[in-house]
Amino acid sequence: MIPYIDNTINKFPQLIEETSPTPDADHLFKVRKEDEVLLDEERAMAFHRTVAQLLFLCMRARRDIQTTVAFLTTQVKEPDQDDWVKVNRVLQYLKGTRSLTLRLLIDNLQRTKWLINASHGVNWDCKGHTG
């Protein structure tokens, strides 16, 4: 999946030079309706394409970005400048952790354990996100 991550980062119109320690900031679920500046058609299409690539990536190999990508998929209809910054942050995180792989381990066949990350009631309509 490393070539897929590199391709996603390289096809993004903005150059990703920095890295980020996390895929999202503390303002991920904040949506500003006042003073929003919608993206132009070209950047909106690039945003949509990148979110679709991230959605494929988070389902296949990078579960650590799933919560962030789930939120970004709700913004593809009318992305604004704030959403552009958020997708940029995910790409910075992927650039810094591109060699991080999904590992499945078995230590006890009698007990199945899943660890799931969830955020409840974080949207304006009180819906949550799981990852």
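Trainee: How many aromatic pairs does a search of the whole structure find?

Mentor: The model is a predicted one. Searching the whole structure for aromatic pairs gives a total of 3.

Trainee: Which geometry does the pair of F29 and F71 have, stacked or edge-to-face?

Mentor: The ring centres of F29 and F71 lie 5.5 Å apart, with 85° between the planes. Planes over 60 degrees apart count as edge-to-face. The pair of F29 and F71 is therefore edge-to-face.

Trainee: Which parts of the chain does this pair link?

Mentor: The two residues are 42 residues apart, so the pair links distant parts of the chain. F29 belongs to the loop between α1 and α2, and F71 to helix α3.

Trainee: Is F29 buried or exposed?

Mentor: Buried means under 20% relative accessible area. F29 has a relative accessible area of 16%, and F71 has one of 1%. Because its value falls under the cut-off, F29 is buried.

Trainee: Which element gives the most residues to the largest nonpolar core?

Mentor: This core has 25 residues, and F47, L54 and I65 are among those with the most contacts inside it. The elements giving two or more residues are α1 (2-11), α2 (41-60), α3 (66-73) and α4 (81-96). With 7 residues, the element that gives the most is α2.

Trainee: Over the ring of which residue does the charged end of R43 sit?

Mentor: The charged end of R43 is 4.6 Å from the centre of the ring in question. That ring belongs to W84.

How values were computed. Residues are numbered from 1 along each chain as its sequence is written. This is a predicted model: local features need pLDDT of at least 70, side-chain atom pairs count only at pLDDT 80 or more; totals for chains, interfaces and linings use all residues. Side-chain values use heavy atoms; hydrogens and water are left out. A nonpolar core is a set of buried Ala, Val, Leu, Ile, Met, Phe, Trp, Tyr and Cys residues joined through side-chain atoms within 4.5 Å. Buried means under 20% relative accessible area, exposed over 50%, partly exposed in between (1.4 Å probe, protein chains only). Helices (H or I, at least four residues) and strands (E, at least two) are DSSP runs, numbered from the N terminus. Rings of Phe, Tyr and Trp (its six-membered ring) pair if their centres lie within 6.5 Å; planes under 30 degrees apart count as stacked, over 60 as edge-to-face and the rest as tilted. A charge sits over a ring if NZ of Lys or CZ of Arg is within 6 Å of the ring centre and within 35 degrees of the ring normal.
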